[in-house]
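Biologist: Could you take me through one part of this model up close? I'd like the details on a single residue and what surrounds it.

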Amino acid sequence: MSVTIIKNILPKENNKQILNYLCNEVSWKIASEYKKQYDIIFLDNLHLGYSYTSNNAPNQEILNIPANIVMNTVLEKMNLKGKLHRFMWNMYNQKQESFVHPDHHFENFISVVYNLHTTDGGTEIDGKFYKDQESEAKIFKSNIKHKGMGPKKDFIRFNLNIVIELL
């Protein structure tokens with residue numbers, strides 16, 4: 001499996017409702033990769049953006065129900081069976097980006113990057129850049145190295161990263 005793209009998953013109005021909630025109700029944390037210490041990140045003049053994991057948080061149906069729809073749509077369209085490992089929402093300001101990293105090290109996991117809106121940011125997967133397109137999901141093996149890349153001209157970038165254990 002390389003990268004599979006599925007378009008038109010959620011209606012634009014649903015994406016707008018999710019974006020409104022993410023902007024006004026979520027307590028974001030500074031994203032970290034490989035448990036890198038925050039003081040090192042700041043000393044290195046790096047900023048990895050922000051993240052919020054909703055699947056274990058209480059009262060997050062407004063995020064988890066549409067995230068489940070995205071996950072189930074991907075599994076159905078790809079004729080796969082799986083169970084949720086993680087829903088992680090990401091926010092990047094201009095010029096922020098993550099380190100290159102895998103989401104999981106085992107072969108039987110896939111990652112889904114779902115774009116809530118179109119920006120000039122995107123995701124680099126195995127060295128290839130995929131620009132954000134609203135309602136589009138990029139699907140790839142979770143052990144493939146990738147990184148989120150903030151926008152250059154657009155103000156901000158939001159996406160959903162789903163990690164699924166295949167059954």
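This is a predicted model: local features need pLDDT of at least 70, side-chain atom pairs count only at pLDDT 80 or more; totals for chains, interfaces and linings use all residues.

Modeller: Here is a close look at Asn115 and its surroundings. Residues are numbered from 1 along each chain as its sequence is written, and side-chain values use heavy atoms, with hydrogens and water left out. For the protein chain, the mean pLDDT is 91, and 90% of its residues reach 70 or more.

Now to the spot itself. Asn115 sits in strand S5 (residues 109-115); strands here are DSSP runs of E, at least two residues, numbered from the N terminus. Asn115 counts as buried because its relative accessibility is 0%, buried being under 20% relative accessible area with a 1.4 Å probe, protein chains only. Leaving out residues up to four places away in sequence, Asn115 touches Asp132, Gln133, Glu134, Ser135, Glu136, Lys138, Arg157 and Asn159, contact meaning heavy atoms within 4.5 Å.

Two of those neighbours also come up as polar contacts: the Asn115 side chain pairs with the side chain of Asp132 at 2.8 Å and with that of Lys138 at 2.5 Å. A polar contact is a pair of N or O atoms within 3.5 Å; within protein, one must be able to donate a hydrogen and the other to accept it, and residues adjacent in sequence count only if both atoms are side-chain atoms.

Terms used: pLDDT is the predictor's confidence in each residue, from 0 to 100. Helices (H or I, at least four residues) and strands (E, at least two) are DSSP runs, numbered from the N terminus. Buried means under 20% relative accessible area, exposed over 50%, partly exposed in between (1.4 Å probe, protein chains only).
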